[in-house]
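User: Please take a close look at helix packing in this model. Which helices meet, at what angles, and through which residues?

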Amino acid sequence: MSVATRLQAMQPTDVGVPGPTPWDMARVFRSVRADPLTFLGEVSQRFGDTVSFPVPGAPALLLNDPADVKHVLQTSARSWSKDTVQYAALARVTGPGLLASAEPGWIEHRRLAAPAFHHQRLEAVGDEVRAAARTAIAARLAGTTGAGDVVDVAALTHAIGLDAVGRALFSTDLSDQAHDLLAATSESADLVVRLGRSILPRAEWTPTRTNLRLRAARRRLDAGAAAIIAERRSRNAHAGGTAHHGADLLGLLLDSGMDDGEIRDELVTMVIAGHETVAAALAWTLMLLAEHPAAQQRVRDELHAHPGPVPLVGHRDRLPWTRAAVDEALRLYPPAWAISRRSHRDDELGGRPVPAGTLAIISPWLVHRRPDLWPEPEAFRPERFLDGTTRTGYLPFGQGPRLCIGREFALGEMVVVLAELLRDHRLELPGGRGSWTRPVAEAKVAVHPRGGMPLVLRRTGTP
């Protein structure tokens, strides 16, 4: 390839879409990396529903119109893959698991894993999720008075999320490994975000500080996954070496014929995706309920009126207000704040032709704040979801064929945790509303509260 051809390939492709100039991007480079949510909101407000970023080669487009979002993620999903920097960075940790894989083989892996997420299976593991919640809540509140202690509920929801994933999907109590797995997943998430935002990504083999830290975190995740796999094989051998390893996700993967490397990738994917996102979403939900005492009390009243334990599925009919509060919290704080796809054939977006190789960036954070779809978009209004209709422009778990396989498990876990925590406790703001400042929303793999989420937990019945 000649120098002239190479230089031409580095020129941004103009598809007639407005957007910031290279100078604009250079001027705000540091703030973009520090706070991408604010940056995306500002360029969307300035340039409209479709924004072009000045990158070499094929276009990079931010899409906010729900019609374009549906086209990329659902209608023409076969033309748009996960062959992007974002998912390549994630795959450095998870391997080509269900979440990060850009290869056609993801379909077969999803088919193998699907039975672990069927409603019948989820109903059967409800007791395990409740046990995880009770164990973590009891451990975190041990030694507190119950009369108004400040608790970092973000740390609490992380502990619950990890234990729930272990119990429900692997039939394994991960509490003994919790500290190391939490540290490794947290470290990995930070490094994945750093790699995903890199303008000049380095090869994996280069001994940069980020690469070295990522290798160390991955080794810890590898060791944790290997221990879980070995424990299940040993348990099966002691039981007489039956043909099947169990009906949970790990058993299905072991029976599928996948090699241990492939099983490891799916396990690490589920540990990261299954607890990282749910933990963050729960922390924000608890904050919103603390800010809105009437809505919180309505949740508590509904839970008290429910006969027996709260199930892991079927909440929309049995606990409509509680489920609506969860849905609204996921609208305001969607865990997956950015979704990316790359086209592998020419296509059309918003009436404009776009070439193969076009990068589409979709931010549920922005789509969920469109005032034409969501009146008073910044307000917490669970009643938006009480009619049970499908909402246009609502995608906290993605959309289309790559919709998160763990969606129903995540929603069920959130409702069960609320039930376990709010039946006996009230959530309040430290110092009261007058001195309360929300934690900054930090865009990592999921949207986390920077510095944690300190809230007052007070036992019901105490002054």
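**Helix packing**

Helices α14 (residues 260-291) and α15 (residues 293-305) have axes that come within 5 Å and cross at roughly 110°. Helices here are DSSP runs of H or I, at least four residues long, numbered from the N terminus. Axes are lines fitted to C-alpha atoms over the stretch in contact, with angles from 0 to 180 degrees between N-to-C directions. The two helices are therefore roughly perpendicular (65 to 115 degrees). On α14, the contact (heavy atoms within 4.5 Å) uses Leu-289, Ala-290 and Glu-291. On α15, Pro-293, Ala-295, Gln-296 and Val-299 take part. By class, that contact has 5 nonpolar, 1 polar and 1 charged residues (nonpolar: Ala, Val, Leu, Ile, Met, Phe, Trp, Tyr, Cys and Pro; charged: Asp, Glu, Lys and Arg; polar: the others, Gly among them).

The model is predicted, so local features need pLDDT of at least 70, side-chain atom pairs count only at 80 or more, and totals for chains, interfaces and linings use all residues. Numbering starts from 1 along each chain as its sequence is written, and side-chain values use heavy atoms, without hydrogens or water.

Now α9 (residues 126-141) and α19. They pack at about 45°, with axes 9 Å apart. From α9, the contact takes Val-129, Arg-130, Ala-133, Arg-134 and Ile-137. From α19 come Phe-409, Glu-413, Val-416, Val-417, Glu-420 and Leu-421. By class, this contact has 7 nonpolar, no polar and 4 charged residues.

Methods:
Angles under 35 degrees count as roughly parallel, over 145 as roughly antiparallel, 65 to 115 as roughly perpendicular and the rest as oblique.
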